[in-house]
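This report looks at how two protein chains are arranged and how they meet.

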There are 4 protein chains.
Amino acid sequence: MQIGMVGLGRMGSNMVQRLLQNGQDCVVYDSHADAARPLSGLGATACATLEDFVAALSLPRAIWLMVPAAVVDKVLGQLAPLLQEGDIVIDGGNSSYHDDIRRAAQLAPQGIHYLDVGTSGGVAGLDRGYCLMIGGEAGTFQRLEPVFAALAPGAGSVSATSGRKPTTADQGYLHCGPHGAGHFVKMVHNGIEYGIMAAYAEGLNILHKANIGKHERESDAETTPLRHPEHYQYDLDLPEITELWRRGSVIGSWLLDLTAGALQGNPALADYAGRVSDSGEGRWALAAAVDQGVPTPVLSAALFSRFESRGNADYANRVLSAMRHQFGGHVEKPEGGPLA
Amino acid sequence: MQIGMVGLGRMGSNMVQRLLQNGQDCVVYDSHADAARPLSGLGATACATLEDFVAALSLPRAIWLMVPAAVVDKVLGQLAPLLQEGDIVIDGGNSSYHDDIRRAAQLAPQGIHYLDVGTSGGVAGLDRGYCLMIGGEAGTFQRLEPVFAALAPGAGSVSATSGRKPTTADQGYLHCGPHGAGHFVKMVHNGIEYGIMAAYAEGLNILHKANIGKHERESDAETTPLRHPEHYQYDLDLPEITELWRRGSVIGSWLLDLTAGALQGNPALADYAGRVSDSGEGRWALAAAVDQGVPTPVLSAALFSRFESRGNADYANRVLSAMRHQFGGHVEKPEGGPLA
Amino acid sequence: MQIGMVGLGRMGSNMVQRLLQNGQDCVVYDSHADAARPLSGLGATACATLEDFVAALSLPRAIWLMVPAAVVDKVLGQLAPLLQEGDIVIDGGNSSYHDDIRRAAQLAPQGIHYLDVGTSGGVAGLDRGYCLMIGGEAGTFQRLEPVFAALAPGAGSVSATSGRKPTTADQGYLHCGPHGAGHFVKMVHNGIEYGIMAAYAEGLNILHKANIGKHERESDAETTPLRHPEHYQYDLDLPEITELWRRGSVIGSWLLDLTAGALQGNPALADYAGRVSDSGEGRWALAAAVDQGVPTPVLSAALFSRFESRGNADYANRVLSAMRHQFGGHVEKPEGGPLA
Amino acid sequence: MQIGMVGLGRMGSNMVQRLLQNGQDCVVYDSHADAARPLSGLGATACATLEDFVAALSLPRAIWLMVPAAVVDKVLGQLAPLLQEGDIVIDGGNSSYHDDIRRAAQLAPQGIHYLDVGTSGGVAGLDRGYCLMIGGEAGTFQRLEPVFAALAPGAGSVSATSGRKPTTADQGYLHCGPHGAGHFVKMVHNGIEYGIMAAYAEGLNILHKANIGKHERESDAETTPLRHPEHYQYDLDLPEITELWRRGSVIGSWLLDLTAGALQGNPALADYAGRVSDSGEGRWALAAAVDQGVPTPVLSAALFSRFESRGNADYANRVLSAMRHQFGGHVEKPEGGPLA
């Protein structure tokens with residue numbers, strides 16, 4: 001079927017390519033005109049203005065937005081006046097589900113249908129397909145199924161869980177519930193993602209420091225002596241270990257596959273400074289858990305580690321140093337001091 | 001090659017079966033004589049006493065212990081006097097790597113070689129193979145390679161990470177370093193496992209309570225009102241969602257496959273009380289991180305959740321209630337009160 | 001000066017008593033007529049209806065609401081139509097500062113002034129005075145200063161920090177900033193309170209279990225053996241230890257004083273079940289930190305411990321047990337099993 | 001009574017001064033001869049060598065060690081051969097209680113008695129007195145009571161908890177139990193201290209960033225937009241707020257008094273870099289909790305924040321950035337980017 005795509009960044013342009021490869025008809029637009037050109041060569045209809053884009057779509061239109069969460073409302077503000085009753089707008093980006101509920105209600109009086117689609121898969125999605133978590137009216141979902149099926153991975157090599165009656169979940173897309181349900185599920189998905197990533201990262205850090213007993217440490221009142229240096233004499237090969245874990249272990253996963261890939265030839269990861277961004281969903285997942293009274297110590301610890309990686313604990317740490325100075329006369333040790 | 005197995009519980013007996021299937025010669029012993037019988041029917045040589053077992057093995061012997069960590073020293077105490085210079089003892093259970101270092105040193109004067117093998121794979125290992133993390137002398141490791149290769153998954157369907165020069169890691173077993181290195185790596189592996197499991201569990205709990213806004217809540221000074229009940233109106237289908245995530249999403253993993261299996265036909269998981277054991281490695285991983293000065297907020301939160309699930313926070317919680325009573329006159333709400 | 005009090009629960013009635021003791025003129029109302037009677041005997045003017053209450057106050061009125069956060073909007077809805085330009089409404093309860101910003105804006109067109117006052121002190125406030133964190137217009141704050149001074153502790157025996165120029169903070173009340181600033185500061189105050197309380201509670205739990213090495217533990221694959229029982233042979237006297245810490249230690253505090261009081265004669269705290277409520281501020285503090293990107297691992301851990309104490313992790317724990325059953329065939333141990 | 005002091009650093013020399021002020025007879029030694037001179041002028045007997053020091057003490061000797069935990073064994077190794085049956089050695093520093101148990105056993109055959117004394121009070125202890133947590137034989141404790149009473153705060157202005165029968169705890173010193181009990185209690189004390197400090201530090205960080213809505217933030221896929229900038233418009237005066245909380249609030253404490261002192265005239269705490277040391281007890285408290293199966297999410301989070309403040313999460317953070325690069329093509333944002 002025909003689908004219009006607004007936003008041709010990393011995710012949007014890959015998705016258009018996958019749609020084209022799977023026989024869908026794509027009309028595309030990006031505020032940076034250059035972004036559309038390569039897709040045009042692959043068979044998409046590239047439009048120079050939003051007005052042209054809307055005009056190029058047959059009725060009822062199906063328009064997929066793949067833009068940063070912070071600009072969805074701005075784009076919708078430009079787009080909605082150009083649309084007609086029966087048209088469908090899909091937000092496939094990382095919006096808060098609160099915004100989905102609000103936007104669906106705002107568009108309803110115009111007869112415009114709204115779907116929220118949490119999209120997972122990253123840059124590999126072009127080849128592997130995208131996992132799609134979808135919220136909105138069931139009828140609108142059904143109208144778009146050809147598009148979802150084209151984007152999704154399909155059953156592929158993943159065998160169905162025993163005892164199931166097959167559904168679209170087995171193809172990699174699912175109508176999760178009413179407006180916002182798609183982004184709600186995606187929000188939790190990303191919260192889990194942060195937790196899993198942090199679990200690997202912390203564990204690899206322990207392995208990375210397994211030789212700490214080989215280094216001398218100062219012994220003064222500000223430094224804790226290592227009681228058993230003989231327990232920390234291992235020089236571990238992290239690329240080998242992560243490769244090993246990919247086979248037969250309980251912790252095998254796609255994220256582990258990627259980690260093994262990143263460590264291959266680069267065990268110290270020196271190209272990275274370790275300033276880790278977060279794109280919102282982890283925060284919203286935590287806020288939802290707090291509203292619900294659901295304890296999420298792991299998900300929150302993972303999020304806070306990202307905040308800390310960006311220096312956001314600095315003031316708190318200065319408060320601690322100031323307190324220690326006040327009660328114990330402790331003076332901070334300079335950077336470049338002992339390892340642990 | 002020939003291998004002797006002591007300990008024929010869930011793990012040990014499965015491993016013997018896999019060894020037999022892959023052409024190895026197995027001599028087996030368990031303090032419960034019944035455990036050996038079925039393996040005898042499959043081609044293993046079953047022995048009634050430890051003495052018979054030792055006598056049945058050709059020199060130099062290779063003996064694999066698959067017994068609870070708490071009884072390894074007891075078994076070694078009975079076994080060592082029966083062994084000869086050049087024999088090899090392998091601890092394939094969940095021992096602390098501290099014990100490996102000590103045991104290797106204790107057996108060395110007798111000329112007995114010791115390997116520590118962290119073994120991951122669970123009950124599925126019989127079919128999928130076991131991921132083996134191995135510590136000890138390189139020469140001893142090499143002598144045992146036929147056994148490791150038989151137990152390990154092999155390359156299977158997991159393609160090697162791009163750019164690698166193949167090693168045994170690609171077959172699912174690895175010599176990680178000197179004595180203790182195998183269980184050190186396994187310890188960290190299990191720490192990661194706890195973190196990943198908790199990430200899924202916390203996320204699914206948020207999904208599970210996504211309809212909390214449909215229920216009325218009391219409003220009194222002891223209960224926080226839900227500010228936006230309209231945001232928690234989703235009845236989500238967790239078996240469908242976990243099945244969905246298995247395809248194309250960033251959080252796909254073997255643990256997710258198993259979770260989807262557990263939820264299939266049983267979304268409320270009512271068969272379980274939620275008292276979650278921990279088998280030691282998670283604790284040791286945390287203790288190592290603390291020695292190293294490595295921050296592990298996610299791994300520790302996952303471990304503490306297990307402690308809490310078994311009621312171990314009860315006294316702390318009573319302290320909190322007592323404090324609240326003292327300063328605010330707050331009286332505890334009875335069980336069965338409001339949901340959040 | 002004259003002040004009207006709506007809400008005569010534990011906090012409100014104590015505050016009226018303190019105001020009367022300090023020479024203020026109090027008009028009081030509660031939807032439960034019985035609540036006003038004892039205060040009437042102490043010199044307050046008790047009113048049977050909200051209309052009578054409003055009529056009994058001289059212009060411009062100053063009305064202090066001390067009601068559960070969840071009913072403030074309802075009370076304001078009844079009260080506002082009865083008020084006049086220049087009147088002042090003070091919310092002294094545990095409202096979210098978001099609501100303060102909204103309410104101040106809603107009342108402004110009517111010329112009604114609004115102050116938000118975070119009030120700390122608990123049931124001891126009657127004697128010790130209340131610590132008041134105040135948000136709103138500076139002029140409105142100044143008009144109410146006699147009331148704040150009467151409620152606040154005054155300088156008392158707490159000597160001013162060296163180098164300060166005295167302000168109202170030295171008397172125990174402070175204009176923190178515009179609308180919402182009072183409850184914002186109170187929200188963070190309570191977040192800190194949760195953290196401090198949890199720090200004591202966790203520490204006391206360690207002391208409580210210091211004799212765990214005296215008890216035998218099972219050794220099976222589901223139970224971690226205690227490696228050094230000889231390290232856990234202490235029968236510690238918690239009432240004595242908390243009393244000790246009150247003198248000269250770095251961790252002396254009013255919360256510790258209360259804890260020592262609670263433990264006195266009751267070291268096992270058997271009167272409490274350990275179901276710990278939270279009244280909202282801890283949640284809002286965490287939500288604010290997440291908005292700000294401020295890492296708050298301690299404050300969140302403290303909040304989540306309360307959620308867990310009320311059984312809110314049950315589903316997550318069942319997920320963990322189900323996973324363990326799937327991969328390892330692990331069966332849950334029954335309640336009443338080993339201690340740790 | 002007479003007491004010998006070894007180690008005249010910040011803590012040791014202050015303690016000698018307090019002992020002299022309270023009429024005790026002090027013989028002192030430090031490996032840096034200069035450290036003893038000022039105490040000599042105050043009435044202490046300063047000795048140039050350890051041999052002189054031992055000779056200057058009357059039998060049975062009482063010797064208090066106030067040296068870094070890492071050198072206690074070295075000092076004991078030099079000291080023990082010079083001592084006689086009936087002498088007493090007191091370790092008043094920050095030793096692990098495991099070491100106390102071992103040392104007491106090592107000294108016992110010589111008839112030397114050993115006490116472990118956890119000492120809290122910091123640099124203020126000279127004036128306020130020291131809170132003393134004592135482990136060892138009851139008889140040895142009793143022989144030293146005059147020294148403990150001189151060091152301890154005494155009842156002072158802290159009124160006893162209602163209902164108590166007075167003990168030495170009311171004077172600020174306590175015999176907690178057998179060998180190691182003193183440092184066990186001190187270890188937990190310091191774990192609590194870390195938790196309380198972190199609670200204040202995190203809360204103050206939230207207040208510090210309360211004006212974050214006044215600053216513009218970028219909106220790109222790597223940065224989470226602030227949904228409600230209007231909620232973060234407060235310029236809060238932290239010196240005033242901490243001073244306020246000292247009066248009548250639930251979170252008043254000595255650590256808060258010190259924090260208010262540190263912020264006075266220095267609200268940005270720009271003199272500190274925020275590299276926070278830890279002196280061992282927090283680690284040991286966490287290790288004990290893990291042995292016991294006691295959940296300590298707050299104490300561990302506080303410890304890990306210190307580790308992170310010293311850059312110990314760097315490798316883990318680089319792992320996260322590498323993963324994000326792999327799956328999403330995400331590139332790290334440079335330092336000096338957006339605030340949150």
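The paragraphs below treat the relation between the chains and then their interface.

The model is predicted, and its chain B is superposed on chain A by a rotation of 180° with 0.0 Å of shift along the axis, at an RMSD of 0.0 Å. The two copies are thus related as by a two-fold rotation axis. In chain B, the C-alpha nearest this axis belongs to B:Ser253, at 1.9 Å from it.

The contact draws 94 residues from chain B and 94 residues from chain A. Because 100% of the interface residues of chain B are also interface residues in chain A, the copies meet through the same surface. The size of an interface is often expressed as the accessible area that is lost when the parts come together. Between chain B and chain A the buried area is about 7,700 Å², and carbon and sulfur atoms give 66% of that area.

| Interaction between chain B and chain A | Count |
|---|---|
| Salt bridges | four salt bridges |
| Polar contacts (both residues at pLDDT 80 or more) | 38 residue pairs |

A salt bridge links B:Glu243 with A:Arg164, where the closest N and O atoms lie 3.8 Å apart. Several elements of chain B each supply at least two residues to the side that touches chain A, among them α5 (97-107), β7 (131-135), β8 (173-177) and α10 (238-245). The largest share of that side of chain B, 17 residues, comes from α9(B). By residue class, the side of chain B that touches chain A divides into 52 nonpolar, 29 polar and 13 charged residues.

Methods: Residues are numbered from 1 along each chain as its sequence is written. Chains are lettered from A and ligands numbered from 1 in the order in which they are written. This is a predicted model: local features need pLDDT of at least 70, side-chain atom pairs count only at pLDDT 80 or more; totals for chains, interfaces and linings use all residues. Side-chain values use heavy atoms; hydrogens and water are left out. Copies are superposed by least squares on the C-alpha atoms of residues with pLDDT of at least 70 in both. Contact means heavy atoms within 4.5 Å. Buried area is the accessible area (1.4 Å probe) that two parts lose on being put together, summed over both. A salt bridge is a side-chain nitrogen of Lys or Arg within 4 Å of a carboxyl oxygen of Asp or Glu. A polar contact is a pair of N or O atoms within 3.5 Å; within protein, one must be able to donate a hydrogen and the other to accept it, and residues adjacent in sequence count only if both atoms are side-chain atoms. Helices (H or I, at least four residues) and strands (E, at least two) are DSSP runs, numbered from the N terminus. Ala, Val, Leu, Ile, Met, Phe, Trp, Tyr, Cys and Pro count as nonpolar, Asp, Glu, Lys and Arg as charged, and the others, Gly among them, as polar.
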